[in-house]
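Hi,

Here is the model I promised to pass on.

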Amino acid sequence: MFNVELKEVHIGKAIKKRLDELDMTKTEFGRRIGVPQQHVNRIFERETMETKRLIKVCRALDFNFFALFCTFPTNVNAYLAAVALGDGDAQNNIGEAAILSQLEVLKVKLEEKQGTVTDLRDQIAGLKDNVEQLKSNLRDKDEIINLIRNK
C-alpha cells in the first residue's frame, strides 16, 4: 500500500498565502466564494474549514488545498504499475515519468486502434451497400426471368 504522510495544515494561512501569490484583493476573493469582504479576514484565521467551502476556495484560487494535507510517495510500486500497464518488471520501482511515458504510448496505440475501428465500420457500411445492390440485381433478374416465362 501507499505510505501517505498526513500533515497538519492551518488552512486560513494557506489560503492567505495563495491570495497573496495571485495578488488578489480580499473583495475579489470574497466575491468569488460568495462571502462579504468583512468575512474574508475570519477565513484567514481559521485552522479548519468545511469541505464544501474549501472546494469553492479551491476553484476560486485555482489551487488544490486538499493536496496540502498529505504527501504521496513519488515512486509507485512497480507491481501496481505493471498490473495497471499490463507489462513491466515487478521487481523494480517505476517513477512517475516512466509511467506517464507508458501511458502516452498506450494512448497513441488506442487512438490508432480507434482509427482502425472507424475504417472497419466504413468498410462494413460499404459492403452492406454492395449486398443491397446485389439483392436488387437479383430481384431484377428474377423479374426478367418471370417475364420471359410468361411470354
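A word on the elements before anything else: helices (H or I, at least four residues) and strands (E, at least two) are DSSP runs, numbered from the N terminus. Counted that way, the protein has six helices and four strands, and along the sequence they come in the order β-α-α-α-α-β-β-α-β-α.

Some housekeeping. This is a predicted model, so local features need pLDDT of at least 70 and side-chain atom pairs count only at pLDDT 80 or more, while totals for chains, interfaces and linings use all residues. Residues are numbered from 1 along each chain as its sequence is written, and side-chain values use heavy atoms, with hydrogens and water left out.

Two overall figures. Of the 151 residues in the protein, 20% are buried (buried means under 20% relative accessible area, exposed over 50%, partly exposed in between, with a 1.4 Å probe and protein chains only). Among the contacts with a separation of 6 or more, 52% are between residues 24 or more positions apart (contact means heavy atoms within 4.5 Å).

Helix α2 runs over residues 26-33, and Phe 29, Gly 30 and Ile 33 are its buried residues. They sit on the same side of α2, because they cover an arc of only 100° around the axis (the arc is that of the directions from the helix axis to the C-beta atoms). Thr 27 and Arg 31, on the other side of α2, are exposed. The cover over the buried residues of α2 includes α1 (11-22), α3 (37-45) and α4 (51-61).

Helix α3 can be read in a similar way. Val 40, Ile 43 and Phe 44 are buried there, and their arc of only 95° around the axis puts them on the same side of α3. Gln 38, Arg 42 and Glu 45 are exposed on the other side of α3. What do the buried residues of α3 pack against? The partners are α1 and α2.

How do α2 and α3 meet? Their axes come within 8 Å and cross at roughly 90° (axes are lines fitted to C-alpha atoms, for helices over the stretch in contact, and angles run from 0 to 180 degrees between N-to-C directions). The two helices are therefore roughly perpendicular to each other (angles under 35 degrees count as roughly parallel, over 145 as roughly antiparallel, 65 to 115 as roughly perpendicular and the rest as oblique). From α2, Lys 26, Thr 27, Phe 29, Gly 30 and Ile 33 take part, and they meet Gln 37, Val 40, Asn 41, Ile 43 and Phe 44 in α3. By type, the residues of this contact are five nonpolar, four polar and one charged (Ala, Val, Leu, Ile, Met, Phe, Trp, Tyr, Cys and Pro count as nonpolar, Asp, Glu, Lys and Arg as charged, and the others, Gly among them, as polar).

Now for α1 and α4. Their axes come within 11 Å and cross at roughly 15°, and α1 and α4 are therefore roughly parallel to each other. On the α1 side the contact is made by Ile 11, Ile 15, Arg 18, Leu 19 and Leu 22, and on the α4 side by Leu 54, Val 57 and Leu 61. That contact divides into seven nonpolar residues, no polar and one charged.

A couple of single residues are worth a click:

- Ala 60 lies in helix α4 and is buried, with a relative accessible area of 7%. Leaving aside residues up to four places away in sequence, Ala 60 touches Met 24, Arg 32 and Ile 33. Ala 60 and Phe 29 are 31 residues apart in sequence, yet 7.1 Å apart in space, C-alpha to C-alpha.
- Lys 26 lies in helix α2 and is partly exposed, at 28% relative accessible area. Again not counting residues up to four places away in sequence, Lys 26 touches Leu 19, Gln 37, Val 40, Asn 41 and Phe 44.

Last, two loop residues. Asp 23, in the loop between α1 and α2, has a positive phi near 55° without being a glycine, and is exposed at 71% relative accessible area. Asp 62, in the loop between α4 and β2 (70-71), also has a positive phi, about 50°, and is not a glycine. Asp 62 counts as exposed, at 65% relative accessibility.

Cheers
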